[in-house]
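Notebook open, model loaded. I'm jotting down what I looked up, one spot at a time.

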Amino acid sequence: MDAVVITGYQTIRKRSFTGASTTLKAEDIRRDGVADVSRMLEGQVAGVTVQNVSGTFGAAPKIRVRGATSITGENKPLWVVDGIVLEDVVNVSNEQLSTGDPSTLLGSAVAGINPDDIETFEILKDAAATSLYGARAMNGVVVITTKKCKAGKLITSYTGNFTTSLKPSYSSFEILDSYNQMKIFNEMEMKGWLTYTNVLQQSRYGVYGTMAKELGYNPATGDFNVVNDPEAKAQYLDRFARINTNWFDALFNNSLRQEHALSLSGGSEKIQTYASASMLQDQGWAKGNEARRLTANLRTTFTPNDKLSYGFLANAYIRDQNAPGTLQRSTSNQGGFNREFDINPFNYALNTSRSTPIYNEDGSYFYVRNNFAPFNILEELENNYLDIKSTDFKLQGELKYKILPELTYSLDAAYRYVKTSQDHMIQENSNMPKAFRAGTIYDVDGENSTIAAINPYLLRIYNNAEAQPVSVLSYGGFRNRGTVDMDNYTFRNSLNYNKKFGEDHRLDLFTFQELRYIERNNTEYKGVGYQYDRGGVPNIDPNIFLYYAMRGEAYYDVQPTRERYLAFAGTGTYSFRDKINIGGTIRYDGTNAMGKSKIGRWLPTWNVSASWNVDGEPWFDNQEVLSSMKLRSSYGLVASIGIAKNSGLVLRNSLSPRPDIVENEPIMNIERLANTELTWEKMYKWNLGTDMAFLNGRYTLTVDYYDHKSFDLIGDLRTSSIGGETIKTANYANITAKGLEVTVGASIVKNDDWRYHTSLNFGYNQSDIKDLRGNPTINTLSSPNGGPLQRFPQRGLFSVKYVGLNPVNGAPLFVNQDGIVGNNVYMNSPFVNNLIYDGPIDPTLSGGFNHILSYKNLQLNLLITGSMGNKIRMNPAFFDTYTDLNALSWDFVNRWVLNSDNEVPSILGKREAQLLAGQYPNSAYNFSDPRVADGGFIRLKQVRLSYNLPKKWVSGIKFQSASVSLVGNNIWLIYADDRLNGQDPEFFASGGVALPLSRDYTFSLKLGF
């Protein structure tokens, strides 16, 4: 049977295909124990990078096909399942995937697909392969084909995966133990940071703060809890110097994840049915995380006669998930990002001192202070969490009718409905409600006017300067809810014509019309004063409305969006003697996203391509080295809609931010002035490739070279403000990219008992921004995600230039935005000429190395992945204000002290820090060139040992087949830069809901009967 390429629109003979694509059988790349099917692509395809920026269930990895194509728009591939585009429920860009924001848990388009239902993946790369997707093909296409049934007797299959995830360990990180940590805290006390008067006025404190509270007189005992003398204080602190809390052990589990999948298939020549169901239950690697997923799939095909066939597909997916509660992050003026009330278990374990206990000696919770309120991480995880629910249903129908033997009409229609909800449960005993009461009469520690005066979560009465700040949350907590509902219709008519003229000529034509309808409704509301222990009855303080009004915030929001797409396309391929193939495609796309703009509303895309099956030449049979060879090339225009919607005037209603609620009124803002010249983001793609096989197919080689030119890229452009708009969204940038892809396969041993096959793939990509009229800031360019700058890659990492330490106080010195050496750098400055370019944040070279060794029924699989050429911003480790909660690295043992030559910044005394008021040298040091590491790594990604039980064994227990496997995932980080000190080179420790990938071990059982 001839090999074919499934593009989602057509099934094309491999010999006639002129594009660049890679076909993967799901059985060959299966990753037992990995729930998200998108991670199955890691290390399998040249030119496809899969970066695991978060391992939390539902969060998608950062996937790129042949690098980035846009600066602000989509850079992730289009997912197509059984010929229908799988629309994102929540549009989360590749850059946003690493933020850890709650929306990222809905970022995976394929989180609801059961891996056992997949037959093949087809990765479409160049303009010829993706041409029929026109204005959605700029970033490549991943086509998933699910399993179908063949005529025959009923076959039942069961798959069970049982996975345990190992806890992280401090042995991987260079974090100080409690003894050395307390020594540094002692120095901080002498420098004025942890004195009795200072520590009790801080928003955060640890053991020194609890000691300061105990120094007071206790009327219940008639004595002091801790006497205020050096001996008593030293005795009190001694316990914490020896405690050495293992936060990883406390906040993580050696969890069990179960996956069960059952499928049935069978039928006659006229009716075939495939049905499956699966269940996933994940107890959670990190505390506060749980996930449950149910999927069901039904596919029935009817073939009443030779001319007519039709079928139905129904898919259902239900998900119920919990995660630690979190808020959106915000940009910090000191560089990087802030996230209030963050309780991410991994970040907490990394950043919290090991001298802080979890429990008191009597077994009760030990409380520190966070956000001016009592805090215990275990109590917080019990009382502050996200409850995520998702229901996804798709019904699809397909019909084919042969009008003539060579002409077939097809009708494809699909309806998909998705309903998601995300409830943020913040109970009364959690830190956030306590922070909203801190310092007031509702504070659990009693009224404190000093705390109330500096607590940012209290309401200031604007017309009474002498009034004390008041709480807007006297009782209860918060219950914030967000929902996203999506309706999606797809309707397509197509005609397919295949005709062979004599022995030499063949013509394949395909044309279609397609209509897509997408409607999303986003709602959000803030439930304030929700009393969880009183039946959910809200305790509403009228001041909460004043609180929101003074900030211009609404407690309720509804945002409907409606997208309409219409496309017409035609493609054709002429083949001569099954050797020379010449093809071309044209597609015409229209959308309402660009408003009434005549320039932007419609866009034609096109492609021309050719291939030469060299092995079809008569002289090819005169040699024995090459068994097959093909040369191919393509050139075309593809596009993307981009992020802009302002081809017409964009107006948005809101509330006036006035301090007096009675003066509040609805207002209409001009969000964007009309940009009548706005158009789609576009790219010219050129590809040249070859596919070769040697020695009867024992060795294979595929090589592709490509050249991309992106133009009319969309982003925010600073203007002269004429017309009343300082920032305009416009087509403002061009990018070029070149790359090389190589895939080598070899069947080294192949006999009756032994088989050894290996394959190596790698892709090289380098981009260059040729034109960019935006104005990035130092903060943008030096952040872990990097930023765009003309003459550099699509995302480059830049650093503040570090000069050395101040010989007087050990504070770091830099070349600032004005080229002056000093302690202060204005991170929001648009003057970036004095920054140092470190390198791209995306790898320039990535790939995978696969090994399959078989002996009779025993098989060993190894997958090694790696990448190189990129740079990483090391996690922030230095602060301008330290507390006794901060975990410090072993670098601080070598910190600068008076008259030393050490190059690690000192811990400034409080007086020294006050002299630098308004300057943040240690924060800036986190974004300087010494805090950059090489991002290259090599990882043993998977080891799988499987055994197929002999048929004579399983036939006795009424099974047709049975196999067992032991699988290890993310086993060993073979190589990474030593300076990372345990930091995963793929993972951004951004807090929120983000977690690194765990080290997993799976027992897998597969049965057929």
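Is phenylalanine 366 buried or exposed? Phenylalanine 366 is buried, at a relative accessible area of 5%; buried means under 20%, exposed over 50% and partly exposed in between, with a 1.4 Å probe and protein chains only.

Ground rules before I go on. I'm working on a predicted model, where local features need pLDDT of at least 70 and side-chain atom pairs count only at pLDDT 80 or more, while totals for chains, interfaces and linings use all residues. Residues are numbered from 1 along each chain as its sequence is written, and side-chain values use heavy atoms, with hydrogens and water left out.

**Aromatic pairs.** I found 49 of them in the structure. Rings of Phe, Tyr and Trp (its six-membered ring) pair if their centres lie within 6.5 Å; planes under 30 degrees apart are stacked, over 60 edge-to-face, and the rest tilted. Phenylalanine 240 and phenylalanine 366 have ring centres 5.8 Å apart and planes at 55°, so I logged the pair as tilted. They are 126 residues apart: phenylalanine 240 is in helix H5, and phenylalanine 366 is in the loop between helix H7 (345-351) and strand E19 (368-370). My helices (H or I, at least four residues) and strands (E, at least two) are DSSP runs, numbered from the N terminus. Phenylalanine 240 is buried too, with a relative accessible area of 1%.

Next I checked tryptophan 754 and tyrosine 855, whose ring centres are 4.6 Å apart with planes at 45°, so this pair is tilted. Tryptophan 754 is in strand E34 (residues 754-772) and tyrosine 855 in strand E40 (residues 845-855), so the pair ties together parts 101 residues apart in sequence. Tryptophan 754 is partly exposed at 41% relative accessibility, and tyrosine 855 is partly exposed at 34%.

I also noted a cluster linked by ring pairs: Tyr170, Phe173, Phe248, Phe252, Trp285, Phe346 and Phe987. The charged end of arginine 354 sits over the ring of tyrosine 170, 3.8 Å from its centre (the cut-off is NZ of Lys or CZ of Arg within 6 Å of the ring centre and within 35 degrees of the ring normal).

**Core.** Which residues touch the most other members of the largest nonpolar core? I got Leu251 and Ile377, out of 68 residues. Such a core is a set of buried Ala, Val, Leu, Ile, Met, Phe, Trp, Tyr and Cys residues joined through side-chain atoms within 4.5 Å. Beyond its neighbours within four places in sequence, leucine 251 has contacts (heavy atoms within 4.5 Å) that include Trp285, Tyr348 and Ile377. Another core, of 27 residues, lies apart from it, with Tyr9 and Val141 among them.

**Helix H4.** Six of the eight residues of H4 (residues 207-214) are buried, so the helix is largely enclosed by the rest of the structure. I listed Val207, Tyr208, Gly209, Thr210, Met211 and Ala212 as the buried ones. They pack against helix H2 (178-190), helix H3 (196-199) and helix H5 (230-243).

**Asparagine 607.** I located it in strand E27 (residues 602-613). Asparagine 607 is buried, at 3% relative accessibility. A polar atom of its side chain lies 3.2 Å from the backbone oxygen of tyrosine 635. Leaving out residues up to four places away in sequence, asparagine 607 touches several others, including Ala127, Ser131, Gly583 and Tyr635.

How values were computed
Polar contact = N/O pair within 3.5 Å; in protein donor to acceptor, adjacent residues only side chain to side chain.
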